[in-house]
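Let's take a walk through this structure together, one region at a time. Have the sequence and the 3D view open as we go.

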Amino acid sequence: MANTKKSSKLYAAAAALAVTASVVAPVAADAASKVSVKYIEPILMKHAGGSKYAVKKLMLPTKVKVKLSNGKYEMRSVKWSGTVKFDAKYINKYQMLHGTVAGTTKKAVLKVQIQNYVIDVLEPVLKPVAVGGKVVLPSTIGVRYKSGIIVQRPISHFNIKTPVTSKAGKHKIAYTYKGTNTVVKGSIYYEVKAASISNIMGSVNDQTLSVKADVMYPAVGAKAELLIYPGKDTKKAPIVIKGSLSKGKFMASKGSIPEGTHSYLVKIGAVKSATMNFTIAKTFMASAKAIGKEKVEVSFSRAVDSVKADNFKIAGGTVKSATLSSNKKSAVLEVEGLGYGKRYTVDAKGILVGGAARDLGSLSFMTQSVENIWMLDVSSKASSILANGSDNTEVTFQLKNKSTGDVDLKADDIVLKLSTSFGSLAKERVTIQDGKATVLLTSEFSNTDLEAIIDAQVIETANGEYKDLIGKITGEAKVKFSTVMVTPAPVEMINILAAESNQADRVTIFLNQAVSRELLVKSFFNMQSGIGYQKYANDNLVIEQFGNEKRVIGVKAIPSNPKAFELILDKETPLRDNAMVNVLAAITSNSKTQVKSEAKFKLTDARQPEVTSVKTIGLNQLEVKFSESVQDANFKIDGQYGEMYFIDKVGEDDGDIFGEFDNETGIDRRDTAIITLNDKAPNVFKEKKDGAKEGYFTPGNHSLQVWDIMDYAALSDSANIGTTQNLDFTVMADTVKPTAGVVVESPEQFRVMFSKRLKGLELADVQALLGSSMKLERYNSSTKNMRISVSMRISRTTMKKLGKCSSNLTRTGRKSIIPSKQNKTTTTISSESR
């Protein structure tokens, strides 16, 4: 019953009545005193939480229930001896305490079980994160109990709030763990780190600064930038260059930096590195050398903007023109008035470098002597003739440039004096025209072998340009007069020793001796005038499998083994994997001996094709290299742009993006695929980024996914299909605008050259420039005025667009196409004087 004010009054009245009763009726009190305690009920208790973290502390009972001798029960106070222990050895065991009960000598019994309880939380050590990053919390946290065991509890039991990472520094997050009658509170510490920039390396190449650095803990979304301070003036606004940051590596570069000493630093978000200095050296003329007597080549320490004849002065000579090379680091000066074997000095002034006119200094050079420039080449049609007094051979005399070996076609009216030690010449004097002269040599009778020495010397000329050759340029040749004709060369026999292959589009043959690729091409392919060797082999080469003949389109040399060659098969007739192959060949040697031979082998291609590299070509193409010849593969760029965004035809006749073997050059590109981005509707390639252009990559990091890679064996064996690969590549920004230059090749013809590939450059585009953006003017040295005095025409045969070529091609007039190693588009324009 609750102890209310009303019940307290009744209790007081009852007490008074009891005292009165004891006085009035002592006999009754004696009777009551005879009641004794017969039984004390034992108490069982369980407690969790220990003494430190328990929500409700352990409280021992103050009363016990006793049974009296009269059969009644009542609660009596008790006083316990001893204490309850919380040591680990008592966990989950009963501890017994005895207590003294009021009004009896009997002892009360209390059994207390201390249940296992939490004494500690194993606070995890968290990894540092960058500003704005996400703190990674563990899924569970260990909790240690008094008994020593550790139990992993879900992190949801700890009431942890999301960590804040907006500011660098050391932080903590509070937790509260609730167990059975237990609450443990504490904190978990974590660190937010500011960006760390280290190992900064800057390199200068010409006028370009390239910087690399290691970056740790860049803030999420932070910009990666290179700041350049011209003249080391950090008070002025810097030049800001956007860099790339991937996997902790920073990269950035800047070209066209002016000469002088500057400084730079790397900035990641709000964090800046220490300032570092670099120097762009001054531009100077590095070398000068004579090329013959009419040309001087000068080189510069770096690329210049442009040159002209007026930029150069040579005392004792006149500079007529100056032509800048494709890399703009050298120029060829066309000079007149120089002598042979003399020293001159060339001065370079007012040359544009980075938009500013600069003097690049002076250098001396020595023109070559007559003997070092010209040579008189004397050769005979036959090296040996009969010593019978009637046999003869033609002897040819050619004036050649020593450095190039070319005949000087402008050499006319140059008289040679001839002599021979044996036999007789049809003439003792001949005149060179177009660089060439001939004479007939007749043998003399002899019963022993003789060696005739034919001597020639320049003795006079009506051409003033060649007067210095008189008495200095000589030549000789030797012809053997034999009593018996030379024994024919021994018969040469070439045959196949063995054949093998591990690719289904080719067969490797092993010969008994080293031969040239050209010899096999002549043996195996038919020659047609004006066309070259046909694409498919003739009857001298047969490759069969299951009675079916395979078409051979070319022969490929193996540089490491001059006795081995690969016979390349047509893509439409590959070999079947794991099957026998028969090779029959008739090879004609240099001695015109033909030998037929045969070899058999079993084709086994156990390798799966794979991608070995991927690199960019410009801003709209990828070159993908494979471990072997590939017939097909699937591609996807950045995980979202598939083949519908590619242009199908990339410089191949069959419209395939995979390369082919060229039998004329012997170059094999079947292990290469060229992917070109589509810039035309409806499937235009355009990234969903700021500044993205149709048909072009945005600068930065990209990836290429390749799967279902099939070599030619995969057409008959599905085990040869390669697995999926993911390759990263980087597209560098191209901020340099194309420029144009002009080279005069003759009074009627000159060449316009562009510094890089131009997209969509067609004949009509160039013709549209005539008379507006492209004009040919003639300079009048008397009036010092320029006037348009020449009409121009361009024909389709004189122009070839590089963008559709795998190498540079230049057409000159109506002559054949001349391959050029320069990476630019060239256009040849013919002019007609008015």
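**Finding your way around**

Among contacts in the protein chain between residues at least 6 apart in sequence, 57% join residues at least 24 apart; contact here means heavy atoms within 4.5 Å. This is a predicted model, where local features need pLDDT of at least 70 and side-chain atom pairs count only at pLDDT 80 or more, while totals for chains, interfaces and linings use all residues. Residues are numbered from 1 along each chain as its sequence is written, and side-chain values use heavy atoms, with hydrogens and water left out.

What does the chain contain? There are five helices and 67 strands in the protein chain. Helices (H or I, at least four residues) and strands (E, at least two) are DSSP runs, numbered from the N terminus. Of the 834 residues in the protein chain, 38% are buried. Buried means under 20% relative accessible area, exposed means over 50%, and partly exposed is in between, using a 1.4 Å probe and protein chains only.

How confident is the predictor? pLDDT is its confidence in each residue, from 0 to 100. The protein chain has a mean pLDDT of 84, and 84% of its residues reach 70 or more. Over residues 1–32, though, pLDDT stays under 50, and the model has three contacts beyond four places in sequence for them. Residues 795–824 also have pLDDT below 50, yet this stretch has 65 contacts in the model beyond near neighbours in sequence. Where pLDDT is low, the predicted coordinates should not be read in detail.

Let's start the tour with a hairpin. Strand S22 (residues 285–291) pairs with strand S23 (residues 295–300) in the antiparallel sense, over six bridges. Two strands pair if DSSP finds at least two bridges between them. Met285 stands opposite Phe300 in S23. Three residues sit between the strands of this hairpin, and Gly292 takes a positive phi near 70°. S23 also pairs with strand S26 (residues 330–336), again in the antiparallel sense, over five bridges. There, Val296 has Leu333 in S26 as its bridge partner.

Next, look for Thr367, in the loop between strand S30 (361–366) and helix H3 (370–373). Is Thr367 buried or exposed? It counts as buried, at 3% relative accessibility. A polar atom of the Thr367 side chain lies 3.0 Å from the backbone nitrogen of Gly341, and one lies 2.8 Å from the backbone nitrogen of Lys342. Leaving aside neighbours within four places in sequence, the residues in contact with Thr367 include Ala290, Leu338 and Tyr344.

Further along, five strands form an open sheet in the order S32-S39-S38-S34-S36, with mixed pairing. Strand S32 (384–386) and S36 stand at the edges with a single partner strand each, so one side of each is left without a neighbour in the sheet. From one strand to the next, the twist averages 35°; angles run from 0 to 180 degrees between N-to-C directions, with axes fitted to C-alpha atoms, for helices over the stretch in contact. S34 and S36 pair in the antiparallel sense over four bridges, and Ile414 has Ile432 in S36 as its bridge partner.

Now for the nonpolar cores. A nonpolar core is a set of buried Ala, Val, Leu, Ile, Met, Phe, Trp, Tyr and Cys residues joined through side-chain atoms within 4.5 Å. The largest one has 32 residues, and those with the most contacts inside it are Trp374, Phe397, Leu399 and Leu469. S38 gives the largest share of this core, five residues. A second, separate core of 30 residues includes Leu519, Phe524, Leu541 and Phe601.

Our last stop is another open sheet, with four strands in the order S40-S41-S47-S46 and antiparallel pairing. Strand S40 (496–500) and strand S46 (552–557) are at the edges, each with a single partner strand, so one side of each is left without a neighbour in the sheet. The twist averages 25° from one strand to the next. Strand S41 (residues 506–511) and strand S47 (residues 564–569) are joined by five bridges, and Ile509 stands opposite Phe565 in S47. Helix H4 (residues 517–524) lies across S41, S46 and S47, running at about 165° to S46. Six of the eight residues in H4 are buried, among them Leu519 and Phe524.

Note on methods. Polar contact = N/O pair within 3.5 Å; in protein donor to acceptor, adjacent residues only side chain to side chain. pLDDT = per-residue confidence, 0-100.
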